[in-house]
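Subject: Structure for your files

Hello,

Here is the structure we discussed, with my notes below it. Please keep them together.

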Amino acid sequence: MANVELKTSRDVAARLREAESPHSLVARFGLDQPLKLDAGLDLAPFQIAYQTYGTLNAAKSNAVLVCHALTGDQHVHNVHPVTGKKGWWDIMIGPGKPIDTDRYFVICSNVIGGCMGSTGPASVDPLSGEYYGLNFPVITVRDMVRAQAMLIDRLGIDTLFAVVGGSMGGMQVLQWAASFPQRVFAAMPIACATRHSAQNIAFHEVGRQAVMADPDWRGGKYLLEGTNPRRGLSVARMAAHITYLSDAALHRKFGRRFQDRSNPTFSFDADFEVESYLRYQGSSFVERFDPNSYLYLTRAMDYFDLAADYDGILANAWRGTKTRFCVVSFTSDWLFPTSESRATVHALNAAAARVSFAEIVTDKGHDAFLLDEPELFAIVRGFLGSAGIARGLVK
Amino acid sequence: MLDQTDRKYASHPTATPPRTNGNGHNVRVDHLLVAEMVAPGSRVLDVGCGDGELLRLLETRGVDGRGIEISREGVNASVAKGLAVVQGDADTDLVDYPDDAFDYVIMSQTIQATRHPRLVLEHMLRIGSHGIVSIPNFGHWSIRLGLLFGGRMPRTKNLPNTWYDTQNIHFCTIKDFSDLCKEIGAKMERVEAVNFWGKRLRLPAPWWFWNLFGEQAVFLLSRGKKRG
């Protein structure tokens, strides 16, 4: 352990500190409690970093698990320890908010393979004393969910009142309802799909190749060698960020406006506001995210194909379920278009599940689920409220 | 441009005005008639559920209700009320529902807005053991008179749109609809009609009377012994 801190720059050091001993609650699982991975391996020991908000009631029936997206983390409703910004879903979660912490006990954990305190490629392998790097096993969305279930066991919670998440978080919600139907009272998958499309895999591959093409990546051993493939990860983030927005949103926000200048410089400077914005997105991302973690988590999404685990028949994933579902999509989301959510809903109908489905009109693209969308708030509030009555949380 | 009130009702193919019940709560007359036909505690699918008011009424009576609605405004309003409603089209989406998934499948003032009413009706009775269909009656005297003397496609308070603007593309009379039920082998267990003032026609009247004086009719259907 002692030699791992050598040659790392200050920002990388902050990131590594979060990976190893995070500003979070941590659940540790020893060699006797391995995480059984889809890859056929056991991960042990391992740890899960998580945050909770609100109070668990005596019956332990008011727990809401929030699942984070690809580059999210457990800091959903508190100041982020690395960036100093407020939680990524602060707009949705809190006292009196749609996911009301006065009413629900909210849990959010960093996914396995992540880099904010749950075991991942930036963690130190206790057996070898070195960073996992590419020796970390490839994980899946199902592995993430399995790990979360172990955390929920640890917290002594039998049934979650609700599991909620967008994008990769939504994939986890769908997987939770399939893997542990009796442990999920209500499920809210937002802006997601039951399988990653070829186009989405293609975008992820561009991102991964950008990381791996950076000479500082060093075959995945950059932590050992004291380098940081920040340019590669930054480009990956820039490309991905475009897919989270929409043409209309980019046009509305930036148009063809110049950045701090009135004429083009006839160079490759960031003349346009949109370029400057993307560069900022890229460079701020590398401050807080581990490049290898990015490879692993994008891979997990690529592998996600829920129907494949059920003989190709999606409805079988939820056959006989008692879970209440509320599926939400956004009109301008071209990463997870409404057609994907509709396919989920058709399968849920075929499984005779209790399902609501709303498509929200917005030009904000995929990222709309993180933004100020009053219609989304009303739907989350209404869905959880009525489920709460059915669960006996409110009289 | 529709104003806010119009938009609310735009999700309904017809715009039956709400009436006030004893509790000061607005309830549509055809909704009350439909609700009366549903056994408490049963499973119901409301096809074309609008903003979910019928489902809400049914849920107060211990019914496990689901809905399909074509308009986004209607769906989002319903979901925000905590109702299990999905955005969908009766003509294309009923096929995804398994056989016998519900006790009742309801189409409240909706079937005349579908492209294939016969197919939709058959699906209803496949998905549910009962179907409840309420229709605006095009055989009503006011409509007959309107066409006879006005010489134009009739517009009434319940059917206010012009012929080129209406979502109601397959109008029928009470007689027409009962013919369709016979044709597909559906059993008519109960039929109710209400007049121009929303009052139920209580007489054990012959069909021609209902067809002339019923402004709306509600049919409770079940599968016949042997279907075609």
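In chain A, helix H4 (residues 198-213) packs against helix H9 (residues 291-303) at an angle of about 160 degrees, and their axes lie 10 Å apart. Axes are lines fitted to C-alpha atoms, over the stretch in contact for helices, and angles run from 0 to 180 degrees between N-to-C directions. H4(A) is therefore roughly antiparallel to H9(A) (angles over 145 degrees count as such). Among the residues making the contact are Ile201(A) and Val211(A) of H4(A), and Tyr294(A) and Leu295(A) of H9(A); contact requires C-beta atoms, placed from the backbone, within 7 Å.

This is a predicted model, in which local features need pLDDT of at least 70 and side-chain atom pairs pLDDT 80 or more, while totals for chains, interfaces and linings use all residues. Residues are numbered from 1 along each chain as its sequence is written, and chains are lettered from A and ligands numbered from 1 in the order written.

Between the chains, 17 residues of chain B are in contact with 21 residues of chain A. On the chain B side, helix H4 (72-80) and strand S5 (84-87) each give two or more residues, and H4(B) gives the most, with five. Helices (H or I, at least four residues) and strands (E, at least two) are DSSP runs, numbered from the N terminus.

Also in chain B, strand S3 (residues 43-47) runs parallel to S4(B), joined by five bridges. Leu45(B) has Arg66(B) as its bridge partner in S4(B). Strand S4 (residues 64-69) of chain B has five of its six residues buried (20 or more other C-beta atoms within 10 Å of a residue's own).

Regards

Methods: Two residues are in contact if their C-beta atoms, placed from the backbone, lie within 7 Å. Angles under 35 degrees count as roughly parallel, over 145 as roughly antiparallel, 65 to 115 as roughly perpendicular and the rest as oblique. A residue is buried if 20 or more other C-beta atoms lie within 10 Å of its own, exposed if 12 or fewer, and partly exposed in between; C-beta atoms are placed from the backbone. Two strands pair if DSSP finds at least two bridges between them.
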